[in-house]
Amino acid sequence: MESGKVFKKISLGGMDITLRSPKIEDVDNLMANFNALIRARKYVSTEKEQTRDESYKWLSKCIQDIEDGKAVAVVAEISGKVVGMADIHKRSAPRMSHISDFGISVAEEFSGKSIGTELLQTAVSEAEKVLKSRIIMLTVAGPNKPARHLYEKCGFKTVGVVKKGRIYYGEYIDHVLMANYLRKD
Ligand SMILES: CC(C)(COP(=O)(O)OP(=O)(O)OC[C@H]1O[C@@H](n2cnc3c(N)ncnc32)[C@H](O)[C@@H]1OP(=O)(O)O)[C@@H](O)C(=O)NCCC(=O)NCCS
């Protein structure tokens with residue numbers, strides 16, 4: 001899939017939004033959004049702000065995985081700025097190649113406007129088509145209510161909870177495992 005490929009253009013609450021695959025030029029926007037979520041102590045994967053080098057490496061790898069057919073990703077762009085991203089990576093173990101892992105973030109000032117819902121649904125539908133995923137899995141912090149609500153609304157079910165399985169600023173909190181079975185057979 002070519003980088004920057006447009007999946008769809010939508011309008012939400014008066015905002016024109018392009019949902020497309022990421023480009024390396026998105027790196028500064030994505031880094032700024034992610035680091036702002038860290039500063040706001042949101043439930044993202046790390047507590048350490050990312051350097052430009054780390055962000056560049058992470059995005060290059062993601063784009064390479066997309067080109068190699070191992071991942072799909074969708075960014076939401078508004079007026080030339082990327083405000084959110086969802087990515088789904090196929091598991092590399094051959095016996096688990098029907099499973100893919102999901103991640104998402106939306107810039108705080110754009111949260112609660114259905115952008116997360118659109119990103120998730122577009123990414124899952126691409127994963128079904130391109131990666132031939134049958135099961136999408138994710139992990140989420142127990143107290144992350146907005147994310148858990150979004151996932152349940154979009155078909156994910158809790159399949160396990162590791163009590164005190166995450167560290168959040170020195171406290172142990174629950175680590176919740178969710179799965180979305182895309183096919184019934
Ligand atoms: C979680 C996240 C991706 C959601 O994105 P978003 O664009 O705000 O999502 P949406 O606007 O599509 O809203 C999703 C649902 O959550 C609901 N919601 C919002 N805040 C909520 C809260 N505090 N408690 C419960 N539900 C909440 C919304 O009402 C909406 O439900 P509805 O459609 O039934 O009304 C975004 O908040 C985010 O990036 N958070 C920080 C990073 C993060 O937590 N990533 C996930 C890690 S697992």
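Guide: A handy definition to start: a helix is expected to span 1.5 Å times one less than its number of residues. The model here is a predicted one.

Visitor: Okay, how far does H3 reach from its first C-alpha to its last?

Guide: H3 has 17 residues and reaches 23 Å, close to the 24 Å expected.

Visitor: And which of the residues in H3 are buried?

Guide: Among them are Ile115, Gly116, Glu118, Leu119, Leu120 and Ala123. Further along, Val124, Glu126, Ala127 and Leu131 are buried too.

Visitor: What comes just after H3?

Guide: That's where lysine 132 takes a positive phi of about 60 degrees.

Visitor: Switching to the ligand: how many residues surround it?

Guide: There are 22, and the closest are Ser111, Gly116, Thr117, Pro146 and His149.

Visitor: Which helix gives the largest share of that shell?

Guide: H4 does, with 6 residues. Strand S5 (99-106), helix H3 (115-131) and helix H4 (145-153) each supply at least two residues of the shell.

Visitor: How do the shell residues divide into nonpolar, polar and charged?

Guide: The shell has 10 nonpolar, 8 polar and 4 charged residues.

Visitor: New topic: how many of the residues in S7 are buried?

Guide: The count is 0 among the 12 residues of strand S7 (157-168), a strand that is hardly covered.

Visitor: In which sense does S7 pair with S8?

Guide: Antiparallel, over 8 bridges, with S8 running through residues 171-181. Arginine 166 stands opposite isoleucine 173 in S8.

Visitor: What lies between the strands of that hairpin?

Guide: The hairpin of S7 and S8 has 2 residues between its strands, and tyrosine 169 in this hairpin takes a positive phi near 45 degrees.

How values were computed: Residues numbered from 1 in each chain as written. Predicted model: local features only at pLDDT ≥ 70, side-chain atom pairs only at ≥ 80, totals over all residues. Near = placed C-beta within 6 Å. Helix = DSSP H or I, 4+ residues; strand = E, 2+ residues; numbered from the N terminus. Nonpolar A, V, L, I, M, F, W, Y, C, P; charged D, E, K, R; others polar. Buried ≥ 20, exposed ≤ 12 C-beta atoms within 10 Å, placed from the backbone. Pairing = 2+ DSSP bridges.
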